[in-house]
Amino acid sequence: MTTGLKKETSAALTTLLGPTLVVPVLFLLLEKDEFVKFWAFQSIVVYLALFIINWVFVFSIFLIFATPLVFILGVVLWLTMTYKAWQGERWIVPVVGKFAMQLMKQA
């Protein structure tokens, strides 16, 4: 079963709607293409990492000032990932992208 979309469109949707975490999981389950699966895994890992980092900063009195920086980083990553996926590039996000690649190989 597939979505019937071009692989670039599917990959871009996994990153564009990635903060919901539902869309990347759906594409991960529905699509068979490795390119789409790569972007789905990377999207899940990146947005979960940003979510966890943000909450750690919010609950830390000394780091709460960094919360807006995490938001800005998240928006920049969100736009960059969507653009790269739409262009058909396999761009690995530094640090967490390698972890996503390892998860993809294990799955």
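Me: On what basis are the values computed?
Reply: This is a predicted model, in which local features need pLDDT of at least 70 and side-chain atom pairs count only at pLDDT 80 or more, while totals for chains, interfaces and linings use all residues. Side-chain values use heavy atoms, with hydrogens and water left out, and residues are numbered from 1 along each chain as its sequence is written.

Me: Are α2 and α3 roughly parallel or antiparallel to each other?
Reply: Helices are DSSP runs (H or I, at least four residues), numbered from the N terminus. Helix α2 spans residues 22–30 and helix α3 residues 34–59, and the two pack at an angle of about 150 degrees with their axes 9 Å apart; axes are lines fitted to C-alpha atoms over the stretch in contact, and angles run from 0 to 180 degrees between N-to-C directions. Angles over 145 degrees count as roughly antiparallel. The relation of α2 to α3 is therefore roughly antiparallel.

Me: How do the residues of the contact of α2 with α3 divide?
Reply: Contact means heavy atoms within 4.5 Å. Pro 24, Val 25, Phe 27 and Leu 28 of α2 meet Val 36, Lys 37, Ala 40, Phe 41, Ser 43 and Ile 44 of α3. With Ala, Val, Leu, Ile, Met, Phe, Trp, Tyr, Cys and Pro counted as nonpolar, Asp, Glu, Lys and Arg as charged, and the others, Gly among them, as polar, these residues divide into eight nonpolar, one polar and one charged.

Me: Which residues of α2 are exposed on the face turned away from its buried side?
Reply: Buried means under 20% relative accessible area and exposed over 50% (1.4 Å probe, protein chains only). The buried residues of α2 are Val 23, Pro 24, Phe 27 and Leu 28. Seen down the axis of α2, these fall within an arc of 140 degrees, so they line one face of the helix; the arc is that of the directions from the helix axis to the C-beta atoms. The face of α2 turned away from that side carries the exposed residues Val 22 and Leu 29.

Me: How do the residues of the contact of α3 with α4 divide?
Reply: Helix α4 covers residues 67–86, and α3 packs with α4 at an angle of about 175 degrees, their axes 10 Å apart. That makes the two helices roughly antiparallel. Among the contact residues are Trp 39, Ser 43 and Tyr 47 of α3 and Trp 78, Met 81 and Ala 85 of α4. The contact residues divide into 14 nonpolar, five polar and one charged.

Me: Which residues does Thr 15 touch?
Reply: Thr 15 lies in helix α1 and counts as buried at 0% relative accessibility. Not counting residues up to four places away in sequence, Thr 15 touches Trp 39, Ser 43, Tyr 47, Trp 78, Met 81, Thr 82 and Ala 85.

Me: What separates the C-alpha atoms of Ala 12 and Leu 79?
Reply: Ala 12 also belongs to a helix, namely α1, and is buried with a relative accessible area of 1%. Leu 79 is 67 residues apart from Ala 12 along the chain, and their C-alpha atoms are separated by 9.9 Å.

Me: Which helix is included in what covers the buried residues of α5?
Reply: Helix α5 (residues 96–106) has Gly 97, Ala 100, Met 101 and Met 104 as its buried residues. They cover an arc of only 105 degrees around the axis, which puts them on the same side of α5. What covers these buried residues includes α3.

Note on methods:
Parallel < 35°, antiparallel > 145°, perpendicular 65-115°, else oblique.
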